[in-house]
Amino acid sequence: MVTIEHKRAHIKVHIGNFKFEHVIEPRYWRNPLIGVAFILIIPFLLRDMPDLLTLFATANIYACIAIPLSWQMTGIGRMNFGPQFFLAIGGFTASLLSIYMGFGPWITLPFVILAGLIFGLIFSGLTTIAKGLYFSLITLILPLIFLEITYVYTDIFKGETGLCGVAPLVNFGSIKINYFVAGILSAVMMLIYLLIVDKVLRSRVGLFSAAINDEEDVAKGLGLNITKVKIITFIITSAMVAGAGWFAAHYFGTFAGVTYLPLSFMLKILIMVIVGGRGEIYGSIVGAYFVAALEKALTFLGPIHYVLFPLIMLILLFSLPEGLYGLYRRHKYREYYPTIRIRNR
Amino acid sequence: MLLNLENVTKKFGGIVANNNVTFGVNTGEIVGLIGPNGAGKTTIMNLISGIYKPDSGKILFDGHDITSLSADKICKLGIARTYQIPRPFPDMTALANVCVAVMCGKKRDKMSYGDAMLDASHYLEFVGLFGKRNTLARDLTLFELRGLELARALATTPKLIMIDEVMAGLNPGEARKAIRLIERLIDEYKVTILWIEHVMKVIMEATDRVVVLHYGAKIAEGKPKEIANDPVVIEAYLGEKYA
């Protein structure tokens with residue numbers, strides 16, 4: 001016996017004793033299903049254009065870095081300038097296992113997550129020891145040290161050229177289908193990340209993260225175990241960023257420290273997070289797509305884009321302090337959203 | 001004795017902020033803590049709430065030794081505090097501010113986010129801020145922030161609330177309201193209060209017992225009337241001439 005009941009903003013479906021309730025969001029642009037459908041339609045529209053599909057996948061990889069990073073920044077109350085360190089941990093774990101052990105992408109995935117968790121645990125102490133700017137400085141140096149290591153142990157990491165011959169993500173025999181399926185997979189991965197972080201930030205953990213971001217000492221005085229929240233947040237988000245590295249390594253079939261570890265890549269991530277809207281996960285997706293598109297658009301201008309890209313980024317940093325998403329949300333502070341500040345105490 | 005400080009000493013480098021301070025607070029009592037500027041009143045409060053650790057001495061609360069516990073554990077045992085300069089979570093709404101305290105303050109079984117919101121609304125209603133529940137804390141006035149701090153402290157269901165200079169910066173009308181609020185708080189929640197205040201009139205009227213600090217050491221303790229006539233206290237406040 002199935003009955004469907006429609007009341008103003010609710011749809012209730014009764015199937016026997018089982019009741020399912022769905023709330024219709026009256027502001028249609030906020031309906032998550034529309035956004036999900038929009039993103040999943042893109043690879044179908046671009047199925048004959050492999051270069052644009054690659055751009056789409058790149059944007060999704062960027063978003064997979066920016067989404068966990070937004071959560072991390074609120075959850076530990078500090079600005080992390082070196083997320084690409086964990087990206088490289090994931091990428092190198094995947095490519096080394098794939099090249100030297102012959103593992104496929106789905107076997108390397110658990111190892112990558114494990115590596116992300118372990119390195120996250122090792123460096124999680126920084127979130128309680130180092131305050132404000134010092135944390136930012138230490139995390140800024142981490143990827144640069146890793147870059148040096150890839151040059152020193154060049155027979156393992158192939159510092160100059162990068163590791164080639166990583167097992168592809170999917171192999172259906174046709175390059176066109178491969179690109180298409182990998183594009184869909186990138187979107188699915190991004191949406192899974194979005195779902196996880198969205199659920200977490202809407203729960204009590206989100207409230208605790210926001211409290212830590214605003215006033216760490218006061219939150220502690222109110223009985224919150226801030227050390228626990230900060231360390232767990234750091235470890236989980238690090239593993240998530242490492243997951244983005246896994247995808248990048250298997251998607252492009254190659255992984256080089258020179259591409260991902262220098263400061264210019266960090267600038268991209270920073271811009272994604274800040275142009276999108278600080279501490280705002282939906283904004284960071286907008287930021288990621290924006291950065292990927294801008295990067296692609298500027299390559300048509302020739303070599304000058306190496307100068308132009310950072311310049312445009314810096315101008316955006318100053319002209320849009322609240323980000324693209326922040327412009328939309330400026331007058332809607334009824335809904336809570338945290339801002340990120342770099343503390344000097 | 002609910003709270004007991006035994007020979008507590010705290011030094012910052014060469015400066016002795018608290019020197020061998022010993023006093024206690026009984027259950028249900030309202031104790032005033034007074035002293036000239038820089039006497040070490042707020043340091044005492046920070047020592048009790050676990051922000052600083054004493055160099056020597058012992059702090060006992062409700063039968064537990066809290067000297068070396070961290071701030072969050074001390075809060076869970078039942079000590080809440082307000083700050084001299086209000087420190088809300090500026091980018092969160094008033095309701096979310098209190099919600100954090102409700103969810104962290106004490107272990108409550110099966111409390112959902114919604115239940116916590118309801119509980120927080122109750123405390124906001126008590127301090128008269130329910131109408132401002134969706135306002136960001138950074139947009140509240142000083143008086144409202146003091147109310148928010150009290151609501152947050154109450155939401156952790158404490159046995160002892162330490163109030164740090166609640167009157168500072170309020171106009172006479174607001175100050176009267178603040179005193180009435182604290183009186184109602186004592187009546188309804190039956191909490192013990194340790195009250196730091198500069199406004200002598202309030203301390204003399206509202207408290208049961210007063211502890212006087214000067215240069216980090218306790219110089220007097222007793223009923224408000226006795227303290228007001230104590231020559232040592234008068235000397236500390238006004239100088240030798242008036243003693």
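This is a predicted model: local features need pLDDT of at least 70, side-chain atom pairs count only at pLDDT 80 or more; totals for chains, interfaces and linings use all residues.
**A walk through chains A and B**

The buried residues of helix α13 of chain A are Met266(A), Lys268(A), Ile269(A), Leu270(A), Ile271(A), Met272(A), Val273(A), Ile274(A), Val275(A) and Gly276(A). With 10 of its 14 residues buried, α13(A) is largely enclosed by the rest of the structure. The helix covers residues 263-276 of chain A, and at 1.5 Å a residue it should span 20 Å, which agrees with the 20 Å that lie between its end C-alpha atoms.

Gly35(A) sits in helix α1 of chain A, which takes in residues 32-45.

Let me turn to a pair of strands in chain A. Strand β2, residues 10-15, runs antiparallel to strand β3, and 6 bridges join them. Within this pairing, His14(A) has Lys19(A) in β3(A) as its bridge partner. The hairpin that the two strands form has 2 residues between them, and in it Gly16(A) takes a positive phi near 60°. As for cover, β3(A), which spans residues 18-23, has hardly any, for the count of buried residues among its 6 residues is 0.

Now to the place where the two chains meet. Here 20 residues of chain A are in contact with 25 residues of chain B. On the chain A side, the elements that give two or more residues are α9 (204-214) and α10 (216-221), and by class that side has 10 nonpolar, 4 polar and 6 charged residues.

Finally, chain B itself, where the domain assignment gives domain 1, made of 1-78 and 159-243, and domain 2, which is 88-157. The centres of these two domains, taken over C-alpha atoms, are separated by 25 Å, and 11 residues of domain 1 are in contact with 11 residues of domain 2. Which elements of chain B give two or more residues to the domain 1 side of this contact? They are α2 (71-77) and α6 (172-189), and the largest share, 5 residues, comes from α6(B). That side of domain 1 divides into 8 nonpolar, 1 polar and 2 charged residues.

Key:
Residues are numbered from 1 along each chain as its sequence is written. Chains are lettered from A and ligands numbered from 1 in the order in which they are written. Two residues are in contact if their C-beta atoms, placed from the backbone, lie within 7 Å. Helices (H or I, at least four residues) and strands (E, at least two) are DSSP runs, numbered from the N terminus. Ala, Val, Leu, Ile, Met, Phe, Trp, Tyr, Cys and Pro count as nonpolar, Asp, Glu, Lys and Arg as charged, and the others, Gly among them, as polar. Domain bounds come from an automatic or database domain assignment. The expected span of a helix is 1.5 Å times one less than its number of residues. A residue is buried if 20 or more other C-beta atoms lie within 10 Å of its own, exposed if 12 or fewer, and partly exposed in between; C-beta atoms are placed from the backbone. Two strands pair if DSSP finds at least two bridges between them.
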